[in-house]
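Open the model in your viewer and keep the selection tool at hand.

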Amino acid sequence: TPHVALVPDGARAVPGLLERMRDVLEATGGDTKIVAAAVGPEPPRCLALEVDTRAWTARYGRAAERGSCAALDGAPAVLLLRTRDLWALPFPLTPPLVTALSVQAALRGWRLRLLPPDASFPAAPRPPLTPHGRWKTRNSLEKQRRALMEELGVKLEVLPDGRQRWHGCGKDTPRCFGTIHAGTPQYLVSGRWTPPCCLRALRETARHVVAELEAAGVRYWLEGGSLLGAARLGDIIPWDYDVDLGLYREDAAKCRWLAAVVATGQPVEDAEGFLWEKAAEGEFFRVHYSRTNRLHVDLWPFYARAGGVMTKDTWLGHPQDVEFPERFLRPLVPVAFAGVAAKAPNDPRAFLELKFGRGAIESPEYPNPGVRRLEQDLGRG
């Protein structure tokens, strides 16, 4: 048939209502691809929805026009759309169905028309659920929603009231991406930026490490892309996958966790579940979000050689792998970063241009432009 109706359990038929929905769909045209009618006395809420695939995020809001929606929330509804449109979607019948169709429709710029309350389907009476039955229903819906968002590549939903619903990684799960190849994580290759759950974990780890170093009296500073993020945004740069801090090598022993790593030669888990270790790649340290989730802060021990030039013993070929005058660290200055005041070189612009080249703050670049360039994802390439 040219049209298909998706009807939730318990909806009772109303003569002529499906035909009315079909007529509205055909008369509206344009971007309106779905017509909805409430089931029961309470209509669903009509919401705006913006899906930012690059940021792995779906943001809901109040619909600007009554009845013209991008998503529905709350009460069940009958949905009617053209069969060819339904089967053009990659996940046409994935539960929870209304959410799945809403997100996929928003990605395509489709609109949804919600009929007024006089055009609704009665709901068959049902016995009330027991508390255990309500728990099972909520748990089942949550599992379905998480599985759907995994399929759609959405890690964060921002609800109309500002609350956040997370679907990505956490302390007890692995991070959302695998091994970094040629300085480029897989999400960058596919034109996306760091998943928001990973950024959240990096912020938490960075704040924790900064607090520990500050409390121990360790002289440290933001390095490389982390300083670039602070200079541009006061935060981690949106496509970064770790945080870099430099520190004076002779101060490392002041931090009890670094001292324990040096003394034992083994990783050390602190009281808050962060894992401190010596990096396998060379003479520097790494602090992971947890044993399971390997998002991390790298700690680079520098020392002054003759002539007041800061150097270190491990060079991995990164653009920021250059020596620099110690005068940048005398004094260190506070800058906003990931929700705290972190220490930074006293002339961030000059420091960054020494490491990345002229105009580094205004014209940043991905870690390995040979694999993918930032301009490709900003619509300039």
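Domain bounds here come from an automatic or database domain assignment. For this chain, the assignment gives domain 1 (1-167) and domain 2 (186-379). Residues are numbered from 1 along each chain as its sequence is written. This is a predicted model, in which local features need pLDDT of at least 70, side-chain atom pairs count only at pLDDT 80 or more, and totals for chains, interfaces and linings use all residues, while side-chain values use heavy atoms, with hydrogens and water left out.

Colour the two domains separately. Taken over C-alpha atoms, the centres of domain 1 and domain 2 are 43 Å apart.

Next, select the residues where the domains touch. Ten residues of domain 1 are in contact (heavy atoms within 4.5 Å) with eleven residues of domain 2. Between domain 1 and domain 2, about 910 Å² is buried, and carbon and sulfur atoms give 62% of this area. Buried area is the accessible area (1.4 Å probe) that two parts lose on being put together, summed over both.

Finally, select Glu223, Gly224, Asp244, Trp300, Phe302, Lys312, Gln320 and Asp321, which line the largest cavity. On a 1 Å grid over the protein atoms alone, a cavity is a set of points where a 1.4 Å probe fits but cannot get out, and lining residues have an atom within 4 Å of a point. The largest cavity holds about 60 Å³ of space.

Conventions. 1 Å grid on protein atoms, 1.4 Å probe; cavity = no way out; pocket = protein on both sides within 12 Å on 5 of 7 lines; lining within 4 Å. Points joined across faces, edges and corners; volume = space filled by probe spheres on them.
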